[in-house]
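I opened the notebook with two things to look up.

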Amino acid sequence: MQEIKEKFTCLIIGSGPAGYTAAIYASRANLKPTLYQGIQPGGQLTITTDVENYPGYPDGIQGPEMMIHFEKQALRMGTDIRYGLATNVDFTKHPLRVEIDEEKWVEADSVIIATGASAKWLGIKGEQRLNGHGVSACAVCDGFFFKNMEVAIVGAGDTAAEEALYLSKICSKVHMIVRRDEMRASKIMQQRVLDTKNIQIYWNSETEEVCGEHKVEQVIIKNNKTNELSTIPVSAFFVAIGHTPNSSIFKGWLDMDESGYIKTQPGCTKTNVEGVFAAGDVQDMIYRQAVTAAGSGCMAALDAERFLSEKGLF
Ligand code: NDP
């Protein structure tokens, strides 16, 4: 039996650019949103350093600082921001139900899901210690800092291929570490990688360790056929082995693709459940940028506002 502790007009789950932008718009529309920040307040940007591709910051900004700005703006507009994690949902009927911190259930007339995605990591020595000091899971975000330098990238899917190509235009050389003797990426992307002169592929290779005292200096790789170890001097190590959308609590309720990305209707943020909207990386496996997440957060708030007023709930 779910004892309901509180009732909201608009509940926002997640505190990355999508969640906070939804909060700013929903607050200004007088929906009096409540936002639960989740396990990592501020989201993925809190584990990056310089952000130079978010419009409005001509000198760039540190990721964590930018997220404090997002939060302050949402607070100033009147969002009720809370520390807490959505741990379960029950979308059987309206109002929609969400469990917080495994201890209390709340109700909401509309729910905006902005729980983001998490980059997968290898879990090897040096990887976390040097994260933000040359280790990155986003070439588009961090590639620029390694202009004319040699970098390594691990992965062989479309993301890795796209990021290797992106890096090849900025960096002097890209060492691409592929664990099998073939790539998973689409044929056209593979061909582009193979045709790019400054991308060197290491087949059947796995990374053993990322080395460097304060920043990445080299990576040690092992050929998994011969067990031979080799060292590649690089200034950065990009991990592109996929992302996991943070959508597990919605399984069985919302339509998702095979990777767990929530499906939204074309051109809007509506999910298959009326009154439930999804924005940001949890529904976007392609772009995954702060600015695109913020844009879809805005869309979700506008969609929620329209839904609530059509239903006479607001
Ligand atoms: P994928 O899951 O497609 O690929 C992950 C890659 O990482 C695979 O090559 C895999 O190797 C490798 N990998 C996984 N774990 C390890 C490990 N521990 N050590 C070394 N390598 C590892 O993820 P992507 O992010 O590339 O793509 C996700 C989806 O998004 C795909 O469907 C892709 O097509 C799509 N996408 C589409 C784009 C576009 O259309 N423009 C752009 C980017 C992505 P292995 O092959 O051996 O399993």
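I count a polar contact as a pair of N or O atoms within 3.5 Å. I keep in mind that this is a predicted model.

I asked which side chains and backbone atoms reach the ligand's oxygen atoms. In the side chain of Arg184, an N or O atom is 2.5 Å from a ligand oxygen. The protein buries 72% of the 910 Å² that the ligand exposes when taken alone. For Arg180, I found a polar side-chain atom 2.7 Å from an oxygen atom of the ligand. Ala156 contributes through its backbone: an N or O atom there lies 3.2 Å from a ligand oxygen.

How many residues surround the ligand? I noted 14, and the closest are Asp158, Thr159, Arg179, Arg180 and Arg184. I sorted the shell by type: five residues are nonpolar, four polar and five charged. Helix α4, residues 158–168, gives the largest share of this shell, with three residues.

I located His175 in strand β12, which spans residues 173–177. Is His175 buried or exposed? His175 has a relative accessible area of 4%. I call His175 buried because that value is under 20%. I then checked the side chain of His175 for a polar partner, and found the side chain of Glu150 at 2.7 Å. Leaving out residues up to four places away in sequence, I listed what His175 touches: Glu150, Val151, Ala152, Ile153, Gln200, Tyr202, Ile232 and Val234.

How values were computed:
Residues are numbered from 1 along each chain as its sequence is written. This is a predicted model: local features need pLDDT of at least 70, side-chain atom pairs count only at pLDDT 80 or more; totals for chains, interfaces and linings use all residues. Side-chain values use heavy atoms; hydrogens and water are left out. Helices (H or I, at least four residues) and strands (E, at least two) are DSSP runs, numbered from the N terminus. Buried means under 20% relative accessible area, exposed over 50%, partly exposed in between (1.4 Å probe, protein chains only). A polar contact is a pair of N or O atoms within 3.5 Å; within protein, one must be able to donate a hydrogen and the other to accept it, and residues adjacent in sequence count only if both atoms are side-chain atoms. Contact means heavy atoms within 4.5 Å. A residue is near a molecule or strand if one of its heavy atoms lies within 4 Å of it. Accessible areas come from the Shrake-Rupley method with a 1.4 Å probe; for residues, only the protein chains shown count as cover. Ala, Val, Leu, Ile, Met, Phe, Trp, Tyr, Cys and Pro count as nonpolar, Asp, Glu, Lys and Arg as charged, and the others, Gly among them, as polar.
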